[in-house]
Amino acid sequence: MEKKDEKKENREIRYKNRMRIARTIAEAGAISKNEIGVRLGLSMPTVLQCVKELKEDGIVMESGEYGSTGGRKAKVLSIAGDAGFAAGMDITKSHIAFVLVNLNKELVKKARIRLPFSKEYSYYEGMGDWLRVFLEQSGEGKEKILGVGISLPGIVDQGEKLLVSSQALGVENMSFKQFERIAGYPCQVESDVNGAAYAEFYGEGRDGVYLALDDTVEGAVFMDGALYGGDSRKGARFGHMKLERDGRRCRCGGRGCVDAYCSSQALLGEDPGLEVFFKKAEAGEQGYKARLDEYLEYVAAASVNLRMAFGCDVVLGGKAGKYLKGFRRELDRKVEKYDQLDLDLSFLRIGKCQPEMSAYGAALKLVDGFFGEGL
Ligand SMILES: [Zn+2]
């Protein structure tokens with residue numbers, strides 16, 4: 001009996017070491033066996049054995065040699081990107097975006113299809129069909145697909161694979177377990193703002209908060225390499241921090257919230273689209289410049305509040321965030337006015353704001369999970 005336990009224990013240790021080594025290679029991008037041993041405090045025979053197994057499984061490969069310092073040249077180890085893939089899907093009212101991400105976290109394929117959202121079973125089937133087409137076109141075998149990360153516009157319950165509520169889709173308690181059965185792949189759900197934040201901060205090795213300036217203002221907190229949800233996923237609701245006492249009426253029923261001043265809807269009012277709005281503002285057209293100026297004032301105040309609360313990088317994203325790149329100087333001037341404590345404003349960044357960011361982040365979580373516990 002004792003012997004059996006010992007065997008089991010050894011197997012678990014070996015498994016853990018393999019996992020730690022694969023993760024170290026994934027994080028480093030390229031690394032030598034020696035360096036792995038130093039970083040993880042493992043003996044050379046252990047490193048050699050684990051690397052051998054990882055190579056046999058096709059997860060790790062040799063991608064060259066380091067320059068010689070005398071003696072044998074050290075081999076460069078890296079992750080074999082095409083050993084596995086994660087799919088990501090971002091669901092919106094009228095479209096679905098698909099992405100495919102390899103084990104090196106590279107986005108290798110993307111597509112966007114029009115599929116109006118509905119609560120009917122046929123919608124799950126439609127999603128499943130498109131997912132199959134997308135994956136088939138990638139040419140990768142089913143056994144290489146780790147799973148599907150689904151980004152949803154609302155509050156999600158990851159354990160139950162449930163979209164708890166979504167204002168954007170007008171739906172409550174929509175389960176994705178049924179979709180998982182139809183799709184035939186393990187699925188994970190994530191809120192779109194968390195997906196985008198994950199894509200923004202993952203692998204940077206630093207904390208950050210994300211302020212999504214979309215039709216509504218949403219937020220996310222990335223801390224110690226993971227997303228922070230708060231009690232019952234109630235954290236990071238930056239859209240309802242107060243900017244003005246007795247200010248504008250907010251959709252939450254309160255007054256003076258960030259959402260009432262910084263959402264793309266608050267900026268646009270009756271105007272039809274952001275692109276036209278920002279062009280007119282850039283051209284200095286009467287009224288538009290003043291509205292943008294006021295908008296930037298509130299975005300600056302909200303950003304500085306977040307900086308004071310968290311003390312880390314603040315990234316602006318979302319539909320409206322994308323356009324702020326062209327108005328960085330104006331924004332900085334306002335941030336400077338509100339922030340008396342920072343010597344430079346490099347903490348504030350405009351995000352990548354790519355349309356497929358949320359789907360990419362949802363897929364990235366699966367890749368990260370693979371190196372965490374999937375091996
Ligand atoms: Zn509110």
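1. Basis of the notes. This is a predicted model, in which local features need pLDDT of at least 70 and side-chain atom pairs count only at pLDDT 80 or more, while totals for chains, interfaces and linings use all residues. Residues are numbered from 1 along each chain as its sequence is written, and side-chain values use heavy atoms, with hydrogens and water left out.

2. Salt bridges overall. The structure holds 29 salt bridges, a salt bridge being a side-chain nitrogen of Lys or Arg within 4 Å of a carboxyl oxygen of Asp or Glu. R14, R18, E53 and D57 are linked by such bridges into a network.

3. A pair between helices. D293 and K334 meet through their side chains in a salt bridge of 3.0 Å, N to O. Because D293 belongs to helix α10 (residues 288–310) and K334 to helix α12 (residues 328–338), the pair ties together parts that are 41 residues apart in sequence; helices here are DSSP runs of H or I with at least four residues, and strands are runs of E with at least two, numbered from the N terminus. K334 is buried at a relative accessible area of 9%, whereas D293 is partly exposed at 36%, where buried means under 20%, exposed over 50% and partly exposed in between (1.4 Å probe, protein chains only).

4. A pair within one helix. The side chains of R328 and D332 also form a salt bridge (3.0 Å, N to O), and these residues, four apart in helix α12, are separated by about one helical turn. R328 is partly exposed, with a relative accessible area of 23%.

5. Surface patches. A patch of negative charge on the surface gathers D5, E6, E9 and E12, and of these residues E12 is placed in helix α1 (residues 2–28). M223, Y228 and F310 make a nonpolar surface patch of about 270 Å², with Y228 lying in strand β13 (residues 226–228). Patches consist of residues with over 30% relative accessible area and no salt bridge, like charges being joined within 9 Å and nonpolar side chains (Val, Leu, Ile, Met, Phe, Trp, Tyr) within 5 Å.

6. A loop residue. T216 is found in the loop between β11 (208–213) and β12 (217–223), and is buried at a relative accessible area of 18%. Its side chain is joined to that of E218 by a polar contact of 2.7 Å, the term denoting a pair of N or O atoms within 3.5 Å; within protein, one must be able to donate a hydrogen and the other to accept it, and residues adjacent in sequence count only if both atoms are side-chain atoms.

Note on methods: Areas by Shrake-Rupley, 256 points an atom, 1.4 Å probe, with all protein chains shown as cover. Lys, Arg positive; Asp, Glu negative; His and termini not counted. Charge placed at Lys NZ, Arg CZ, Asp CG, Glu CD.
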